[in-house]
Amino acid sequence: MRWIDRIPMLWLVGIALYLAGAPFVPEPHLTEKWRMLLDGTLSKPIDIFDFFLHTGPLVVLAIRLWRDAQRRRQGKD
């Protein structure tokens, strides 16, 4: 998990936000894929790939923020 800590936070936030919103018109793929997942229609391999492509950086960012918070909490103890 240390590889996540080595990613510059600015780059990680930028990539996560960009891929979460891309393409911006007519609607973000992430919105479309989550709707498909909740409706039970996310079945084509390209849609599944797209779901993970656009969700992955947000998951990595969440892990990084959680690890940073844990480190700060341990430093205060």
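**Surface, fold and burial**

Mentor: This is a predicted model. The accessible surface of the chain is about 5700 Å², and carbon and sulfur atoms account for 69% of that area.

Trainee: What makes up the secondary structure of the chain?

Mentor: There are four helices and zero strands. Read from the N terminus, the order is α-α-α-α.

Trainee: How do you know that helix 2 has the span its residues should give?

Mentor: Helix 2 covers residues 9-21, which is 13 residues. The expected span is 1.5 Å times one less than that number of residues, so 18 Å should result, and the end C-alpha atoms are 18 Å apart, which agrees.

Trainee: Which residues of helix 2 are called buried, and why?

Mentor: They are Leu12, Ala16, Leu19, Ala20 and Gly21. Buried means under 20% relative accessible area, so each of these residues falls under that cut-off. Over the chain, buried residues make up 29% of the 77 residues.

Trainee: How does the radius of gyration of the chain stand against that of a compact globule?

Mentor: The chain has 15 Å, whereas a compact globule of 77 residues would have a value near 11 Å. Along the principal axes, the C-alpha atoms fill a box of roughly 45 × 25 × 20 Å.

Trainee: What share of the contacts between residues at least 6 apart in sequence joins residues at least 24 apart?

Mentor: That share is 64%.

Trainee: How far apart are the mean positions of the positive and negative charges?

Mentor: The chain has 11 positive and 8 negative charges, and their mean positions are 11 Å apart.

Key
Residues are numbered from 1 along each chain as its sequence is written. This is a predicted model: local features need pLDDT of at least 70, side-chain atom pairs count only at pLDDT 80 or more; totals for chains, interfaces and linings use all residues. Side-chain values use heavy atoms; hydrogens and water are left out. Helices (H or I, at least four residues) and strands (E, at least two) are DSSP runs, numbered from the N terminus. The radius of gyration is taken over C-alpha atoms; the globule rule is 2.2 Å times the number of residues to the power 0.38. Buried means under 20% relative accessible area, exposed over 50%, partly exposed in between (1.4 Å probe, protein chains only). Contact means heavy atoms within 4.5 Å. Accessible areas come from the Shrake-Rupley method with a 1.4 Å probe; for residues, only the protein chains shown count as cover. Lys and Arg count as positive and Asp and Glu as negative; His and the chain ends are not counted. The place of a charge is taken as NZ of Lys, CZ of Arg, CG of Asp or CD of Glu.
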